[in-house]
Amino acid sequence: MTSGIRFDAVSVAYGGTTVLDRLDLTVEPGEVMALLGPSGSGKTTALRTVAGFVRPASGRVLIGDRDVTGLPPYKRGIGMVVQQYALFPHLRVEANVAFGLKAQKVPKGEIPGRVAEALEMTGMAAYAHRYPRELSGGQQQRVAIARALAIRPKVLLLDEPLSALDAQLRSGMLAELARLHRELPDVPILYVTHDQVEALTLADRIAVMDKARLQDCGTPQDLYRRPRTEFTASFVGNANLLPVTVGTEGVVFDGTELKVAVSGAAPGSAATLCVRPHLVGLGDGPNPLRGQIVEVQWRGSTHRLYVEVGGHRVKADVRELRETPLLGSEVTLHFAPEDAVLLAAGVHDGH
Amino acid sequence: MATRAPGLVEQHPAKGVVPTGPAPAEPVPTTGGQRAIPTWVWALPPVAVLAVVFLYPLALVVQESLAPGAYGDVFASASFREALVTTVWLAVASTVGCLVLGFVLAVVIAFVPFPGGKAVSKFIDVFLSFPSFLITLALLFLYGTVGMANGVWTDVTGDPSGPFRFLTTPWGVLLAEITYFTPFVMRPLLAAFSQMETAQLEVASSLGARPLRIVRQVILPEALPALAAGGSLVLVMCLNEFGIVLFTGAKGVTTLPMLVYSKAILESDYAAACVVAVVNIALSVGLYVLYRGVSRRAGA
């Protein structure tokens, strides 16, 4: 049985404050949809409407063809994994995983097999007799995932599942989640995160949320290479956003002509030029920008330079420099015309 | 541990006393034979006060109870055995009642959001400071022979007296004790529930567990230490409860503290009163020891 998730104009309000504003979004069967946004953007609220912990003020939530808006959480058939694991501390790992099976009145004879299967999938079979307090954070999260998978959920909801883990474990678990997704090709996954790396790595599509609204939705490549809004451009990939005026064969920034594709933009109109920091080069080249270095951050394999150009800070990630440039020194930056995207929007200042 | 410079070591350091701070760095003046006061000296005043105001009277009670034949007489009397049985079953029944009622109320207050929930939680703190007889007095106004319930009954039916007479029976004492002591169970429960992750309850319900199953299999197991703490406290307090039993004026209900009172004050039979008191103390201390043993094993 395959089922997707559909938000149909879902709004949520707490005491007059709208925390989710008319969300329309469809997660296809078997698709990983990341809800990406800063805290307070409404992404967790959206997930909680699917789980049934938040009742929408208006709109409908559908799982498959079934309207679940008014259904209590225990009738929805959802697997959920949260940031703080939320394992039952008084139950051993196997009993934690069996909890949902017992609650759903799965025949007694079937339970041990399904518990073993779920623990096998997450690589935790050897820990079945341990208590949660005897496991590390990463192991606990694997058990939480096994517990969610054991009930063979129609949809899987992951609410910042890796946020409590350290960086190295996180990247390992990302690979693990990707593998699990391949093993469960029909289960749609709604993945809430504020971490763009997680979203870019794992998601088939990313829904970017801000200020209770869906700002943008598309494949990771789409959002990264051709963002449609300034918010997406800056939140996904931390792009440089420069206010420009559209010319005939390019744009004008701070009196300098820059060659970029202006497809369709009306000459003379204001727009925002979006360039990724790692696509900005140091030294002469196409579309040169002269400015003063105001900050230098050494990041091991790269240097991040902040260069003041025409009153705007331009970020450039360049390969590690042999000599750290001096603050205040004049430098030239450049970028290739095909690496820039023109957003037909108002003037926006960098961050 | 602190290392002492040679030459500064005392000749006879107090045995078994752990030095609490580093050794003095500057030389200690040696004139006048000044010496650091041994630590046990500091323990003397509080121990002395404790002995005079508490241990000595207690010893007197025990000594008085050792009068020839006192234990035999008391243990042989039917009134003592009856009081012992009444005390124990009232205390056990009240504790069970408090645990059940307290758990249900605490779960509702902690997990079912309702307007005024915080105020109720605060009121429970205040309730703990009320004297026990106040509750009994309030129950007398409600269910006493001339209380409101009977008053309404006689007004409506025209009968000369109402049917509510249970307050002067053991059931009245039980009701009063449960009413008064339930908050003592709720306090530690609410503290335990405030530490519980709501995510656990949410995950449980997303896994298909209905509210009753969540209470039984998620909340109750985590509440057990708090229930044990509150329950044992209430059990000991009920064993020693005097005000409630006195105020209900229940004729047939004589508990050990009531027996001590009647022997000592009404009959001036101090030896018998002291015997009953010693039994009462032994019962309380025995329960406490049992509780400590159980809670240590549960914690291990």
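I note here that the model is predicted.

**Chain A as a whole**

I looked up the secondary structure of chain A next and got eight helices and 20 strands. I then took the extent of the C-alpha atoms along the principal axes: they fill a box of roughly 75 × 45 × 35 Å. For burial, I found that 41% of the 351 residues in chain A are buried.

I checked how chain A is divided, and the assignment gives domain 1 as 5–230 and domain 2 as 238–343. I also looked up the spacing of these two domains of chain A, and their C-alpha centres lie 38 Å apart.

**Strand β11 of chain A**

I turned to strand β11 of chain A, which covers residues 240–246. How many of its seven residues are buried? I counted six, and I wrote the strand down as mostly covered.

I then looked for the pairing partners of β11(A). One of them is strand β14 of chain A, residues 270–275. I found six bridges between β11(A) and β14(A), and the two strands run antiparallel. I picked out P243(A) and followed its bridge into β14(A), where the partner is T272(A).

Strand β12 of chain A, residues 251–253, also pairs with β11(A). I recorded two bridges here, again in the antiparallel sense. Which residue of β12(A) stands opposite T245(A)? I found V252(A) in that place. I also traced the link between β11(A) and β12(A), and it is a hairpin through four residues.

**Helix α11 of chain B**

I moved to chain B and opened helix α11, residues 256–266. I listed its buried residues as L256(B), P257(B), L259(B), V260(B) and K263(B). Why do they count as being on the same side of α11(B)? They cover an arc of only 160° around the axis, so I put them on the same side of the helix.

I looked at the other side of α11(B) as well, and there I265(B) and L266(B) are exposed. Last, I stepped past the end of the helix: just after α11(B), S268(B) takes a positive phi of about 55°.

How values were computed:
Residues numbered from 1 in each chain as written. Chains lettered and ligands numbered in written order. Predicted model: local features only at pLDDT ≥ 70, side-chain atom pairs only at ≥ 80, totals over all residues. Buried ≥ 20, exposed ≤ 12 C-beta atoms within 10 Å, placed from the backbone. Arc of directions from axis to C-beta. Domains from an automatic or database assignment. Pairing = 2+ DSSP bridges.
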